Amino acid sequence: MAQYTVEIQRLVNTALAEIHAEHQAKRLANAPVANNNFMIRWVTKALKGQRFHRCVVDDLTRWQKAGRTKGNDSNLMFTFERIAAFYRDFFPADQAARVIKDSEIDAFLDGMEQQDWEVTTSEELVGVGKVQIFTEGPNSLALCTEQCENCFDGEKLVKPMSWFVRGNHAMFVEAATKAGFMVHKVTDYKSNVKYHGEYLIYPENQGSQLAEIPISYQVAK
């Protein structure tokens with residue numbers, strides 16, 4: 001069974017390797033417009049040729065649409081470079097998969113509370129229909145109490161877990177990433193928890209969709 005984290009890296013790394021080969025062969029100018037046009041064509045050919053596993057087809061389709069609607073502003077090479085670097089940082093080739101532990105999540109929640117986030121883990125939120133949580137501050141993070149018990153085997157996270165966020169989503173993504181969690185957005189706002197967006201974390205960070213990359217993330221040159 002294909003792993004999304006492997007396939008998305010194969011996709012972006014292949015694209016970057018092929019555009020760099022064009023630069024080195026002097027067949028393509030290393031300039032923003034030329035690079036973006038190349039990437040738009042590359043994405044379209046990859047889709048038509050069914051070059052990559054179906055688990056990344058939605059990503060290719062989204063980038064193709066961005067290329068058509070935004071043109072040079074789609075900046076696909078920049079996007080691919082960020083994805084390649086971000087996933088390389090989270091999945092070093094010489095290291096075993098990272099085990100996510102209950103204690104690490106508890107420490108993260110404590111850290112969010114220290115940054116004045118309201119944290120809730122005492123209510124059932126998943127599979128129970130619409131839920132409303134009453135909070136006073138602008139930023140809140142809620143976890144389902146049932147998942148806090150059943151997503152773990154001992155200390156180890158073994159099932160995907162939903163985190164519900166209201167307020168400063170960018171700050172949440174930054175903090176989660178710094179703590180070692182890849183977060184995967186389901187929705188910005190309209191989830192089953194009123195006024196909250198939903199994100200997923202996965203065992204070993206092995207998500208089945210593209211992870212959120214912090215705004216501040218810089219690609220090392």
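The legends below accompany an overview and several close-up views of a predicted model.

**View 1. Overall fold of the predicted chain, with seven helices and seven strands**. Read from the N terminus, the elements of the chain follow the order α-α-α-α-α-β-β-α-β-β-β-α-β-β. Taken along the principal axes, the box filled by the C-alpha atoms is roughly 60 × 35 × 30 Å, and 46% of the 221 residues of the chain count as buried.

**View 2. The largest nonpolar core of the model, made up of 34 residues**. The residues with the most contacts inside this core are Leu11, Met39, Trp42, Leu60, Trp63, Phe80 and Tyr87. Two or more residues each are given to the core by helices α1 (4-24), α2 (32-48), α3 (57-70) and α4 (76-90), and of these elements α4 provides the largest share, with nine residues.

**View 3. The salt bridge between Asp59 and Arg62 in helix α3**. The closest N and O atoms of Asp59 and Arg62 are 2.9 Å apart, and the two residues stand three positions apart in the helix, which is about one turn. The two partners fall into separate classes of accessibility: Asp59 has a relative accessibility of 5% and therefore counts as buried, the limit being under 20%, whereas Arg62, at 39%, counts as partly exposed. This pair belongs to a group of six salt bridges found in a search of the whole structure.

**View 4. The salt bridge between Arg98 and Glu104**. In this pair the closest N and O atoms lie 3.2 Å apart. Arg98 is partly exposed, with a relative accessible area of 28%, and for Glu104 the value is likewise 28%, so that Glu104 is also partly exposed.

**View 5. The salt bridge between Lys185 and Asp188**. Here the separation of the closest N and O atoms comes to 3.0 Å. Lys185 counts as partly exposed because its relative accessibility is 29%, and Asp188, with a relative accessibility of 44%, counts as partly exposed as well.

**View 6. A negative surface patch formed by Asp106, Asp110, Glu113 and Glu155**. One of these four residues, Glu113, is placed in helix α5, which covers residues 102-114.

**View 7. Asn75, a residue with positive phi in the loop between α3 and α4**. Although Asn75 is not a glycine, its phi is positive, at about 45°. With a relative accessibility of 39%, Asn75 counts as partly exposed.

**View 8. Glu204, a residue with positive phi in the segment after β7**. The phi of Glu204 is about 60°, a positive value in a residue that is not a glycine. Strand β7 spans residues 197-201, and Glu204 is found in the segment that comes after this strand. The relative accessible area of Glu204 is 26%, so Glu204 is partly exposed.

Notes. Residues numbered from 1 in each chain as written. Predicted model: local features only at pLDDT ≥ 70, side-chain atom pairs only at ≥ 80, totals over all residues. Heavy atoms only, no water. Patch = residues over 30% accessible without salt bridge, like charges linked within 9 Å, V, L, I, M, F, W, Y side chains within 5 Å. Areas by Shrake-Rupley, 256 points an atom, 1.4 Å probe, with all protein chains shown as cover. Salt bridge = Lys/Arg side-chain N within 4 Å of Asp/Glu carboxyl O. Lys, Arg positive; Asp, Glu negative; His and termini not counted. Charge placed at Lys NZ, Arg CZ, Asp CG, Glu CD. Core = buried A, V, L, I, M, F, W, Y, C linked by side-chain atoms within 4.5 Å. Buried < 20%, exposed > 50% of the residue type's maximum accessible area, 1.4 Å probe, protein only.
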